[in-house]
Amino acid sequence: MRKLKHDVIVVGSGLAGLRAAIEAARNEKLDVGIISKVQLMRSHSVCAEGGTAAVMQPELGDSLELHAWDTVRGADFLADQDVVWRFVEEIPKELLLLEHWGIPWSRRKDGRMDQRPFGGHSYDRATFAADKTGFFEMQALYDTLQKFENVTRYDECYVSSILTKNGQFCGVTVWSLTTGEFFAVQGKAMVIATGGACRMFGFTTYSLTATGDGMAMAYRAGLPIKDLEFVQFHPTGLVPSGILITEAARGEGAYLRNVKGERFMEKYAKAKMELAPRDIVSRSEQTEIEEGRGVTGPEGIMAINLDLTHLGADKINERLPMIREVTIKLNFIDPIKEPIPIRPAAHYFMGGVHTDLDGATPVPGIWCSGEAACGSLHGANRLGSNSTAECLVWGKITGDKAAEFAAKTQNYPDLPPDSALQDEENSIFKRFSNNGKETSFAVRKELQKTMDGEVGVFRTGDGLEKALNRIKELRKLVPYLRVNDTGRIYNTDLMSALEAGNLLDLSEIIVTGALARKESRGAHSRRDFPTRDDVNWLKHTMAYYTPQGPRLDYIPVTITMWQPVERKY
Ligand SMILES: Cc1cc2nc3c(=O)[nH]c(=O)nc-3n(C[C@H](O)[C@H](O)[C@H](O)COP(=O)(O)OP(=O)(O)OC[C@H]3O[C@@H](n4cnc5c(N)ncnc54)[C@H](O)[C@@H]3O)c2cc1C
C-alpha cells in the first residue's frame with residue numbers, strides 16, 4: 001500500500017476546511033494536504049444562502065455584547081459563553097478578510113457591506129451576497145488557496161478512518177474514487193472539517209454528501225461526540241423536495257400563513273413573529289399542521305404557506321433570485337405571484353466532535369472545526385447565519401493551531417503496522433463478496449422513515465425507544481449490505497454502504513442522548529417533558545463509542561456572563 005505524507009492533513013473542503021488549509025499553508029515550511037470526497041468546490045457550504053452574522057456597524061448600534069447575548073439566548077443557555085465571546089470578537093475580522101480576498105458582498109448605496117435581519121438576532125447583522133452567500137464565500141477562499149504552492153489537493157477521495165497510535169494522531173486511510181487506489185496518508189496534525197450529517201432524515205435541506213463521516217470516524221477512533229441530540233429543523237424546507245428556502249426570505253419580510261391565511265406566529269412569538277429563532281418557528285408550524293390548520297401541498301403533503309407576494313418583483317429579483325429560480329423550476333411557482341409551500345426540514349447539527357475553545361479534540365494532533373465540531377457555540381439551538389461564521393472563525397483557529405503543532409513536531413508519528421492498514425482496506429472491499437439481502441439504499445430509506453417519524457420537531461420517550469430499537473436492528477445489517485457494483489472506481493454503491501454505517505452510528509447517538517435528556521431545551525422538544533430543567537440538565541451530553549452502543553457522560557456548561565432565564569420572543 002502506498003503511503004503519502006503531509007505535515008497537516010485537512011479532511012473536508014467546505015468553508016471550515018478551506019479556511020483551515022489557507023491558515024496552515026501560511027507557514028511556508030509546512031506541507032498541507034486537503035482531502036474531499038467530492039470536488040473541493042462541491043462541498044455543501046456552497047449551498048449556504050442567506051448570510052453570515054457579524055457585528056460590522058457598531059457605530060449604528062450593534063455590539064459584540066448584543067451578538068453574544070442573542071447567541072446565548074438562542075442556544076437556550078446551553079452554549080459555552082467563553083466560546084461565544086471568542087466567536088463574536090473574531091468574526092468581524094474574518095468578514096473583512098474575505099472583503100480583501102475579493103468577495104462580491106451585496107452593498108448599501110454608500111458602498112458599505114449590507115446586512116439583513118435574521119431569526120433571533122436583535123440587529124440586522126447577516127452579511128450577504130444576494131442569496132448565494134456560501135457560494136461566494138467558498139469562491140473567495142478557493143481562489144485564495146490557489147496562491148499556496150505547499151498545498152496538495154485530493155479531490156474525490158473518501159477518507160475511511162482516522163489513525164492513532166499510542167493515543168496520538170498519526171494519519172488517515174483514503175480510497176480514491178477516481179483511480180480506485182486505497183492508500184494511507186501519514187500526518188503530524190489533522191483538522192476534521194467534514195461538515196454535518198442530516199441525511200439520516202428523509203426530509204432535509206442537506207446535500208446527499210452530508211453523511212457525518214468525520215464525526216462517525218472520530219467516534220470510532222475514541223473521540224467523544226457532544227450534544228448530538230440537538231438537531232435543528234429549519235422552518236422553511238420546500239415541499240416535497242426539502243430544498244432550503246432561505247431564512248433571508250423572512251428576513252426580507254415574507255410571512256408565514258396557515259390555511260386560513262392567518263399570520264399564526266402572532267400566537268407563538270408576538271414580538272419577533274416570523275423572525276423568532278428556528279426551534280420556535282418550527283414548533284409553531286408543526287403545531288398548526290397537527291391541529292388541522294396546514295395547507296395541502298404537492299403530493300398531498302401538509303405544509304404552511306410562505307408568502308412573499310407583498311415584497312414586489314424588484315426586491316425578490318435583487319435579493320432572492322435563487323429562491324425564485326428554485327421554486328419556478330421545481331414547483332412551477334413564481335413567488336412574486338403565489339405563496340411557497342414549506343414545512344420544517346432537518347437542517348443542522350448543533351452537536352459534533354467535542355472540542356475546546358481552540359477547536360482541539362482530546363486526542364493530541366487532532367483539531368475539528370465547522371459543522372462537524374461542537375465547541376459549543378450553538379448550544380441547544382443555532383441562530384441562522386452563525387454557522388458559516390463559525391466555520392470561518394474556527395477554520396482559521398484550527399488551521400493555525402494544527403500548523404503550530406506540526407511545526408513543533410520533529411518526526412512523523414509511526415503509522416499502525418501494514419497488516420492493520422491492510423485490514424482496513426479489506427474491510428471495505430470485502431463487501432463485494434457479501435451476498436446479504438439488503439442494499440444500503442433500502443436500509444437508509446428505512447432509517448430516514450424512522451428518524452422522520454420518531455425523532456423530529458417533537459419527540460416522546462415511547463417514540464424514541466421505538467426508533468432506538470429499529471436503529472439497532474438496522475445497524476446489525478451494515479457489515480452484510482449487498483454491493484452490486486464490484487468496481488473500485490466511482491463506486492457510489494459501495495460508498496453508500498460505508499455512509500450507511502456512519503449514519504446509523506450517529507443516529508444511535510442522537511436517539512440515545514435524546515432518550516436520556518428528560519427535558520425540553522432548544523431544538524430538543526419532548527412532549528413528555530415539556531419544560532427546561534436547569535437543575536438536572538444544564539449540561540452537555542458526551543457520547544463515547546462502545547461496541548454495544550454509545551456510553552453517555554456529561555460535562556458542565558461554561559457560564560461567564562449570563563445566568564439562564566426564561567426565553568421569550
Ligand atoms: C441549503 C443550506 C443553506 C445554508 N445557509 C446558511 C446560511 O445562509 N448561513 C449560515 O450561517 N449557515 C447556513 N447553512 C449552514 C452552513 O452552510 C453549514 O453548516 C456549513 O457550510 C458547513 O460547512 P463545513 O465546512 O463544516 O462543511 P461542508 O461544507 O459540509 O463540507 C464538508 C466537507 O467534508 C468532506 N467530507 C465529508 N466526508 C468525507 C470523507 N469521508 N472523506 C473525505 N472528505 C469528506 C466533503 O467532501 C466536504 O468537502 C446552510 C446549510 C444548508 C444545507
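Helices (H or I, at least four residues) and strands (E, at least two) are DSSP runs numbered from the N terminus. The structure is a predicted model, in which local features require pLDDT of at least 70 and side-chain atom pairs count only at pLDDT 80 or more, whereas totals for chains, interfaces and linings use all residues. Residues are numbered from 1 along each chain as its sequence is written, and side-chain values use heavy atoms, with hydrogens and water left out.

By the burial criterion, helix H1 is mostly covered, with 11 of its 11 residues buried. Among them are Leu15, Arg19, Ile22 and Glu23.

Helix H1 (15–25) also contributes two or more residues to the shell around the ligand, as do strand E7 (157–165), helix H5 (213–220), strand E15 (340–349) and helix H11 (387–408). In total, 39 residues surround the ligand, and the closest are His44, Ser45, Glu371, Ser387 and Thr388; a residue is assigned to these surroundings if one of its heavy atoms lies within 4 Å of the ligand. The shell comprises 16 nonpolar, 18 polar and five charged residues. In this classification Ala, Val, Leu, Ile, Met, Phe, Trp, Tyr, Cys and Pro count as nonpolar, Asp, Glu, Lys and Arg as charged, and the others, including Gly, as polar.

Polar contacts are pairs of N or O atoms within 3.5 Å; within protein, one atom must be able to donate a hydrogen and the other to accept it, and residues adjacent in sequence count only if both atoms are side-chain atoms. An oxygen atom of the ligand lies 2.7 Å from an N or O atom in the side chain of Thr388. Polar backbone atoms are also involved: one of Val159 is 2.9 Å from a nitrogen atom of the ligand, and one of Lys37 is 3.0 Å from a nitrogen atom of the ligand.

Leu320, in the loop between helix H9 (313–319) and helix H10 (321–331), counts as buried because its relative accessibility is 1%. Asn434 occupies the loop between helix H12 (418–429) and helix H13 (440–454) and, at 15% relative accessibility, is likewise classed as buried. A polar atom of the Asn434 side chain is 3.2 Å from the backbone oxygen of Leu481.

Notes. Buried < 20%, exposed > 50% of the residue type's maximum accessible area, 1.4 Å probe, protein only.
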